[in-house]
Amino acid sequence: MVKINPNFQKLPGNYLFSEIARRVSAHAAANPGKKLIRLGIGDCTLPLPPAVIKAMSAAVEEMGKKESFRGYGPEQGYEFLREAIAENDYAALGIKLAADEIFVSDGAKSDCGNIGDIFDKDNSVAVCDPVYPAYVDTNAMAGRAGDHDGDRWTNLIYMPCTAETGFMPEPPKRTPDMIYLCFPNNPTGAAATRDRLSLWVDYAVKNGSVILFDGAYEAFITDETLPRSIYEIKGAEECAIEFRSFSKTAGFTGTRCAYTVVPKALKRQGESLNSMWNRRQTTKFNGVPYIVQRGAAAIYSDEGKKEVAANLAYYQKNAAVIREGLTKASLSVFGGVNSPYIWAQTPGKASSWDFFDLLLNKAGVVSTPGAGFGPAGEGYIRLTAFGDAEATIEAVERIADSIR
Ligand SMILES: *Cc1c(COP(=O)(O)O)cnc(C)c1O
């Protein structure tokens, strides 16, 4: 008889978002007609930029003609997109990457999980606490996390990110083989300085670890002194893989396009991780649709760049409204400057879920309880800047009223 992957039986239920949904629908049922404002989920709300739509429409037309129809494309992505990424996202920062160090994919979430295929099951894994849950659960499924004790996985190395350390992880006592870092961070909104990232790059090089750097929110960096890519740090090409996505940058959350950089200089046990990832992708993946890749490439056109910048500015304004409004209401807030996320301390040491309930019931605002991202998230809630601008202003006023 078949045996299932036993690691799936160790996974705790996806409690966070199902519990939020349960509480929100109970509230809505008890308060018909009351307008809820949702600042909980990290999903874009502005439509795709016109330049993207134009490029995708043209690609649809091409697909409908015998002369320009395309079947399977290169698994790693079309040259036109890989070149555009190398030039605009890296060469512009002074980082030299060849197109074949860039692998176009259907998502940074999938790649953050899939990357585990090229690493041994017995590697030790470090994650920040609080953390984007995909890093944890994919390693649990692969058998690298040990058992779940109700709070934590017994084999994972948790790096607490608290207000005392500016929400930056410190190198842990036990040396990890794989280190997940995400800056600007989801959920805390913290952005890493050059010095901070240098510390991690030096650490990884010294220990032979690999950094899995999630740069999904790079486009939200406004502070010019902050690094936008881990490859701005000397030595990173020998120890880091970088994940990027068009999801939050250009509204591709439903359209699906991202990419992963695996430098050729990154070798372990004499093997090129670039070759291994290429082998993995060509075996298990058949590429992102041509139509979608044409849409993604359009964000690098002059028109596309302007439109993307305008959308980002819209979300950044929301972030400022939330940050400033909540600060005025005497909450301690973090993030929201180089990030679409605002991480707010609950007043009076309330628990995450209690403050979530208060905001839901008194303000009609949906947040995300910090505790859902890990034990160190207790005592915080996360708000997102991806909402409608007017609704965001109203939400902040309602929150201020509810905690007066
Ligand atoms: C939204 C998000 C991503 C993007 O994932 P896609 O699969 O590309 O949509 C990646 N990492 C983090 C931390 C995110 O919040």
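Residues are numbered from 1 along each chain as its sequence is written, and side-chain values use heavy atoms, with hydrogens and water left out. Because the model is predicted, local features need pLDDT of at least 70 and side-chain atom pairs count only at pLDDT 80 or more, whereas totals for chains, interfaces and linings use all residues.

The protein contains 13 helices and 15 strands, where helices (H or I, at least four residues) and strands (E, at least two) are DSSP runs numbered from the N terminus. Its radius of gyration is 21 Å, close to the 22 Å given by the globule rule for 404 residues, so the protein is as compact as a globular protein of that length. The radius is taken over C-alpha atoms, and the rule is 2.2 Å times the number of residues to the power 0.38. Along the principal axes, the C-alpha trace spans about 60 × 55 × 50 Å.

Of the 404 residues, 52% count as buried; buried means under 20% relative accessible area, exposed over 50%, and partly exposed in between (1.4 Å probe, protein chains only). The accessible surface amounts to about 17900 Å², and carbon and sulfur atoms account for 52% of this surface. Areas come from the Shrake-Rupley method with a 1.4 Å probe, and for residues only the protein chains shown count as cover. Among contacts (heavy atoms within 4.5 Å) between residues at least 6 apart in sequence, 74% join residues at least 24 apart.

There are 44 positive and 48 negative side chains, and the centres of the two sets lie 2 Å apart. Lys and Arg count as positive and Asp and Glu as negative, with His and the chain ends not counted; each charge is placed at NZ of Lys, CZ of Arg, CG of Asp or CD of Glu.

A nonpolar core is a set of buried Ala, Val, Leu, Ile, Met, Phe, Trp, Tyr and Cys residues joined through side-chain atoms within 4.5 Å. The largest such core has 71 residues, of which L81, I85, L181, I211, F246, F252 and C257 touch the most other members. Leaving aside residues up to four places away in sequence, L181 touches C128, M159, P169, W200, I211, L212, F213 and D214. A second, separate core of 28 residues includes A108, Y135, F243 and A258.

Two cis peptide bonds were examined. One joins D129 and P130, with omega about 10°, and P130 lies in the loop between strand 3 (125-129) and helix 6 (133-141). The other runs from F183 to P184, with omega near -10°; P184 lies in the loop between strand 5 (178-182) and helix 7 (194-207).

Positive phi values occur at residues other than glycine. R256 has phi of about 75° and is located in the loop between helix 8 (246-250) and strand 8 (258-261). R256 is partly exposed, with a relative accessible area of 31%. K349, with phi of about 55°, is found in the loop between strand 12 and helix 12 (352-363); K349 is exposed, at a relative accessible area of 82%.

Q345 belongs to strand 12 (residues 341-345) and is partly exposed, with a relative accessible area of 29%. Residues up to four places away in sequence not counted, Q345 touches L331, S332, F334, G379 and Y380. Q345 and M63 are 282 residues apart in sequence and 51 Å apart in space, C-alpha to C-alpha.
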